[in-house]
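Trainee: I would like to go through this structure with you. Could we begin with how the helices pack?

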Amino acid sequence: MSPMKKSLSLVLGVFAATLVLSGCSRQEAPEEPQVEEPQVEASPAAEPSVDTMSPQEERHELMEGVKDAAQVVGPMLQGKADFDAEAAMDALNVWADVGRKFGDLFPEGTETGYDTEAAPAIWEDREGFNAALKEWQDATAAAIAASPQSLDDARAVIGPAFETCKNCHDDYRIEKED
Ligand code: HEC
């Protein structure tokens with residue numbers, strides 16, 4: 001297979017995987033006070049309210065935003081949605097934003113709870129996890145720097161970023177059935 005075809009088929013595979021994901025069922029911690037806050041419009045880039053969330057919930061929320069962004073850009077790369085350079089950049093910026101925060105959300109003591117899908121390998125091999133995170137950050141930053149204006153360009157630079165999702169999930173995420 002040509003490198004382009006290979007990378008595209010990976011993109012499609014990763015994207016297909018994101019489609020079958022059922023959101024993980026979150027259990028609210030009963031002891032947590034419900035703070036009254038102005039409702040912010042739900043958007044992939046919306047900041048979770050860090051004060052009231054456990055790291056497990058926050059990393060779940062952030063990955064949900066990553067998924068929403070992937071569901072914008074995935075169909076474009078598949079040719080199922082019109083290519084929209086601005087929307088693609090918005091999605092990449094969500095990934096970059098989460099990429100900056102994600103690594104801090106795995107402190108000791110958050111290995112379990114809230115139906116987390118984080119694998120024990122994150123705590124057993126933090127260097128490997130950090131390296132997988134950096135690959136995603138670097139691929140995303142490169143795609144943003146390239147600012148793709150055509151579908152072909154987008155496939156060439158966003159495809160590799162999609163691959164880094166799967167690389168990390170293979171080792172550091174346990175996908176739950178429901
Ligand atoms: C550095 C590792 C890493 C990278 C890179 C990464 N993820 Fe994740 N992802 C995780 C981990 C760990 C979880 C489980 C989080 C938890 O439950 O605490 C997860 C969870 C998810 C979930 C399930 C959300 C939920 O909790 O219900 C989706 C969807 C997801 N990732 C999509 C993506 C996509 C799409 C990309 C790439 C654009 C990506 N991820 C990149 C590590 C990563």
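Mentor: H2 passes H3 in a left-handed crossing, meaning that the near helix is turned anticlockwise from the far one by less than a right angle. Helices here are DSSP runs of H or I with at least four residues, numbered from the N terminus. This is a predicted model, in which local features need pLDDT of at least 70 and side-chain atom pairs count only at pLDDT 80 or more, while totals for chains, interfaces and linings use all residues. Residues are numbered from 1 along each chain as its sequence is written.

Trainee: Which residues of H2 and H3 make the contact?

Mentor: Among them are Leu62, Val66 and Val73 of H2 and Ala91, Trp95 and Val98 of H3; contact requires C-beta atoms, placed from the backbone, within 7 Å. The residues of this contact divide into 13 nonpolar, one polar and two charged. Ala, Val, Leu, Ile, Met, Phe, Trp, Tyr, Cys and Pro count as nonpolar, Asp, Glu, Lys and Arg as charged, and the others, Gly among them, as polar.

Trainee: Now the ligand. Which residues come nearest?

Mentor: Lys67, Glu117, Trp136, Cys165 and Cys168 come nearest, of the 25 residues around the ligand (C-beta atom, placed from the backbone, within 6 Å).

Trainee: Which helix gives the largest share of that shell?

Mentor: H2 does, with eight residues. The shell residues divide into 13 nonpolar, seven polar and five charged.

Trainee: Why does the ligand lie between the domains?

Mentor: Domain 1 (1-47) and domain 2 (48-172) both give residues to the shell, so the ligand lies between them. The bounds come from an automatic or database domain assignment.

Terms used. Helix = DSSP H or I, 4+ residues; strand = E, 2+ residues; numbered from the N terminus. Contact = placed C-beta atoms within 7 Å.
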